[in-house]
Amino acid sequence: VEAAEESPAPCTEKDLQQALRAVMAGCSELLKHAENKCAKAVKAFSKSKSIDGAGLVFSPILVTSAAEKISGTANKMTEKGAVSLTAVVEYLCAEVLKLAGNRATDDDRRCHVDGKFMIDPQHMSQAVGG
């Protein structure tokens with residue numbers, strides 16, 4: 001008789017926090033802000049018991065679904081884990097957009113429409129160090 005294959009334990013917010021610390025080891029300021037964003041989102045989620053109450057713009061369901069597609073695995077994730085992952089993705093996107101916006105306003109070409117600066121792919125590339 002073959003033993004049933006055990007499914008891995010679901011990914012929790014603690015697992016994501018450890019992974020975040022490993023990946024962002026050289027970026028202490030960015031790590032501190034990302035952890036703060038996670039803590040606030042998980043606290044708001046715990047208080048409201050609703051994903052909508054976590055105060056996030058991105059959908060935890062869509063973010064976890066995208067993460068599964070990118071990683072090629074279908075790991076289970078706790079609700080707090082999903083909220084935590086979404087908070088990190090949302091924070092990092094906001095930081096990259098802020099840096100790209102700074103590049104757009106500094107750009108000599110002054111790409112703008114109706115008096116507003118536009119972020120083009122070159123600005124995004126410069127924002128992430130490309």
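Helix α1 (residues 13–23) and helix α4 (residues 79–106) sit with their axes within 7 Å of each other, crossing at roughly 30°. Axes here are lines fitted to C-alpha atoms, for helices over the stretch in contact, and angles run from 0 to 180 degrees between N-to-C directions. That makes α1 and α4 roughly parallel, a label for angles under 35 degrees; over 145 would be roughly antiparallel, 65 to 115 roughly perpendicular, and the rest oblique. On the α1 side the contact uses E13, L16 and L20, and on the α4 side K80, G81, S84, L85 and V88; contact means heavy atoms within 4.5 Å. Sorted by class, the residues of this α1–α4 contact come out as 4 nonpolar, 2 polar and 2 charged. For that sorting, Ala, Val, Leu, Ile, Met, Phe, Trp, Tyr, Cys and Pro are nonpolar, Asp, Glu, Lys and Arg are charged, and the others, Gly among them, are polar.

A word on the model itself: it is predicted, with local features needing pLDDT of at least 70 and side-chain atom pairs counting only at pLDDT 80 or more, while totals for chains, interfaces and linings use all residues. Residues are numbered from 1 along each chain as its sequence is written, and side-chain values use heavy atoms, with hydrogens and water left out.

Helix α4 also packs on helix α3 (residues 60–71), this time at an angle of about 85° and with the axes 9 Å apart. The pair α3 and α4 is therefore roughly perpendicular. P60, V63, T64 and A67 from α3 meet A82, V83, L85, T86 and V89 from α4. The class count for the α3–α4 contact is 7 nonpolar, 2 polar and no charged residues. T86, which belongs to helix α4, has 0% relative accessibility and so counts as buried; buried means under 20% relative accessible area, exposed over 50%, and partly exposed in between (1.4 Å probe, protein chains only). Leaving out residues up to four places away in sequence, T86 touches L56, F58, S59, P60 and V63.

Stepping back to the whole fold, the protein chain has 5 helices and 2 strands, arranged along the sequence as α-α-α-α-β-β-α. Helices (H or I, at least four residues) and strands (E, at least two) are DSSP runs, numbered from the N terminus. The chain has 130 residues, 25% of which count as buried. Among its contacts with a separation of 6 or more, 55% join residues 24 or more positions apart.

Now for the inside. The largest nonpolar core holds 14 residues, and L20, A41, A54, L56, V83 and A87 touch the most other members. Such a core is a set of buried Ala, Val, Leu, Ile, Met, Phe, Trp, Tyr and Cys residues joined through side-chain atoms within 4.5 Å. Apart from neighbours within four places in sequence, A41 is in contact with A54, L56, V83 and A87.

C38 lies in α2 and is buried, at 8% relative accessible area. Not counting residues up to four places away in sequence, C38 touches S84, A87 and V88. C38 and V83 are 45 residues apart in sequence, yet their C-alpha atoms are 7.6 Å apart.

L31 is another α2 residue, and with 13% relative accessibility L31 is buried too. With residues up to four places away in sequence set aside, L31 touches L20, R21 and M24. From L31 to V88 is 57 residues in sequence and 9.6 Å in space, C-alpha to C-alpha. H33, also in α2, is partly exposed at 35% relative accessible area. H33 and V88 are separated by 55 residues in sequence and by 9.3 Å between C-alpha atoms.
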